[in-house]
Amino acid sequence: QNYYFFIKHLIFVLMALGFIFFISFQKKEVIKKIFPYIFFITLVLLFLVPFFGLEIKGSKRWLEFLFLPRFQPIEILKPFFILIIAKILTSNLEKSMHKKYIETLVILSVVLILLIIQPDLGQTILLFSTWLMMIFISGVNLIILTFFFTISLIAISTLILLFPDKFGYIFLRLKSFVDPSQGDNYQSDKALESIINGGFFGKGIGEGVLKDKVPEAHTDYIIAVISEEFGIILIIGLILIFLILGFNVFKKIINETDNFVKLSLIGLISIILIQAFIHIGVNIRLFPTTGMTLPFLSYGGSSIIGTSIIAGLIINFTKKNNKIN
């Protein structure tokens, strides 16, 4: 029982390594041909969640089949969502960019509506932010970008006001973040306290207490657990690793001539970096609680597999002499 999470996590890590190697060795032509079908399948699975999903702590985010363990469809959908957006924005040169933006906005809206129904605030913010990054890089007019952002804020505010029972928790989280005395900040307070108590070099492996005090410490607050046991120095090291990863990918993008590959890489690395820094920001109370996992490190099979697909695509798209015709 003591090693349950370790063994389960190890199994998913080994599976993730298999996905990384398998995807990284595929030809780009094959990936370009099959990813729309995978996107459609994962979108259908996401559509099934509100009807057949498992409800845990008030949220329906998981599916479970007889032959498969419990999983979150959105985690598998994310990398293929990025590819489909990149495909639309870089194909059909005769079509105006405004029409392409509308097409991507329709796809984004469908996915976000399905996420809001669950509800899943963290993934909603993550996908919307990544989509904004991709259309900004594609050369969108800043006025249009501002319009999209404003409409989204109005839509979210309307949902909170019209359905306070389902979405009122968003307002409560924002309220407690601005004024900690107005809400329940037990988990956030304990996470920040653990980071402070860990100091520069930490208490030592296994000596932290946060994992016993906070229910989702191994997922939503893994960075605080690491900081408490290994110190701030390791957190700085992890941040540097993410920054170096981003730098190396963007360095490859500069020399890339294929627009689909270029925009896909921007989306793939953006979603990892945005997710990582939102997770870290929540742990140090820089952002309100979102329930965001830390890529590559947080416990959770769906998260690890989804991140491994992203990593495999990044490796594939940055290999030398691997171009799409």
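**Exercise 1.** In which helix does Ile 11 lie? State also whether Ile 11 is buried, partly exposed or exposed.

*Solution.* This is a predicted model, in which local features need pLDDT of at least 70, side-chain atom pairs count only at pLDDT 80 or more, and totals for chains, interfaces and linings use all residues. Residues are numbered from 1 along each chain as its sequence is written, and side-chain values use heavy atoms, with hydrogens and water left out.

Step 1. Ile 11 belongs to helix 1 (residues 4-24); a helix is a DSSP run of H or I with at least four residues, numbered from the N terminus.

Step 2. Buried means under 20% relative accessible area, exposed over 50%, and partly exposed in between (1.4 Å probe, protein chains only). Ile 11 has 47% relative accessibility, so Ile 11 is partly exposed.

**Exercise 2.** Classify the ring pair of Phe 47 and Phe 51.

*Solution.* Step 1. Rings of Phe, Tyr and Trp (its six-membered ring) pair if their centres lie within 6.5 Å; planes under 30 degrees apart are stacked, over 60 edge-to-face, and the rest tilted. The structure has four aromatic pairs.

Step 2. For Phe 47 and Phe 51 the centres are 5.4 Å apart and the planes stand at 50°, so this pair is tilted.

Step 3. Both residues lie in helix 2 (residues 28-52), four residues apart, so about one helical turn separates them.

**Exercise 3.** Classify the ring pair of Phe 260 and Phe 317.

*Solution.* Step 1. The centres of Phe 260 and Phe 317 are 6.2 Å apart with planes at 65°, so the pair is edge-to-face.

Step 2. Phe 260 is in helix 12 (residues 259-283) and Phe 317 in helix 13 (residues 301-317), 57 residues apart.

Step 3. Phe 260 is buried at 5% relative accessibility, and Phe 317 is buried at 1%.

Methods
Helix = DSSP H or I, 4+ residues; strand = E, 2+ residues; numbered from the N terminus.
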